Amino acid sequence: MTRPLRGCLVSSCGGHLTELLAVADSFRSEKCIFVLNRRILLPPLLKNKSIFIRHSERDFVFFCNLLEAWLILRRFRPDFILSTGAGPAIPFFIIGKLMAIRMIYIETLASVTKPSLTARLAYPLADRFYVRNPSMLKFFPEAIVVNDL
Amino acid sequence: MISKPPIVGTFVTLGNLERRFDRLINTVLEAYDALPKPVLIQYGGTSPSAELLQVSQGNAVSFVDYVDHSSFNHHIKSSSLVIGHAGVGTLLTCQLHGKTPLMMSRRKMFGEHIDDHQVEFLALAVSRCDALAIEAMDDIPCKADQAVASIRIAKRSSPIIVDLKNYLDSLR
């Protein structure tokens, strides 16, 4: 029997979380925690598995998020970090890189002609990088295109 | 005991952004007569004025600021018509439940979003027949009929899930 992996799933709430939950079948059998940046009424999959961090809007709270990422990752010791953005991904990817954790990023469907800022920052840090639109390949030549809209 | 949310005729969703999007609410209410009733408007950061709330009281319109994930899915699944901002979460959930939403994109020039990515995203969704775009009240009646009548296969599987699962297996 294979050991379940330990996953840290990082997302802001709203559409990014919906995109993360849309791929839930890929990690449902792993042992995962969710890191969210706003307290919401949790769907069943996230109940008793969620940690909330401070909500940063490209401000100094980002540095608080770095500390929170370090505390969470040091405690949970995941095998991988998966994120669909937005902002919360970056502090976790930075600390995750320092801890040699495998990192997976999925760029949002909403990036059609221009990538998100989060994607630009995550690309050099990620071990696996997915984009949903082929137009993103000119920004991220090593990305994997999964075009299923 | 938690009660199940009521079934609505039209579910309007502005997402959970804190930026206002009065254009969509105003357009929807102007086209009220053409909408399946009752109408539920999830307004997020676009809190309705006291005047708007008063006008709506005599009609089958109700407002809610946010709904939880389960209620959001319930409203999308059970309503006859979904109208929303051009958000990815809204479109994905509509796809999950086999719905064709009417969508209006938030625009940077009106302060509705930080950029115009919703404009591009909606154009892509429309080109793939996954959504119908609305810009003004006149767009709603015929597109509402089109959306209500459309029958879609609910989207359940995704190639990314397969690839991601294979990658995770390679990490063991």
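User: How many salt bridges are counted between chain B and chain A?
Analyst: This is a predicted model, in which local features need pLDDT of at least 70, side-chain atom pairs count only at pLDDT 80 or more, and totals for chains, interfaces and linings use all residues. Residues are numbered from 1 along each chain as its sequence is written, chains are lettered from A and ligands numbered from 1 in the order in which they are written, and side-chain values use heavy atoms, with hydrogens and water left out. A salt bridge is a side-chain nitrogen of Lys or Arg within 4 Å of a carboxyl oxygen of Asp or Glu. Between chain B and chain A the count is 3.

User: Which residue of chain A meets the side chain of B:Arg172 in a salt bridge?
Analyst: B:Arg172 is among the residues of chain B that lose the most area to chain A (accessible area, 1.4 Å probe, lost on being put together). Its salt-bridge distance, N to O, is 2.6 Å, and the partner is A:Glu30.

User: Which residue of β6(A) is the bridge partner of A:Ile106?
Analyst: β5(A) and β6(A) (residues 128-131) run parallel, joined by 3 bridges; strands pair if DSSP finds at least two bridges between them. The partner of A:Ile106 is A:Tyr130.

Conventions
Helices (H or I, at least four residues) and strands (E, at least two) are DSSP runs, numbered from the N terminus. Buried area is the accessible area (1.4 Å probe) that two parts lose on being put together, summed over both.
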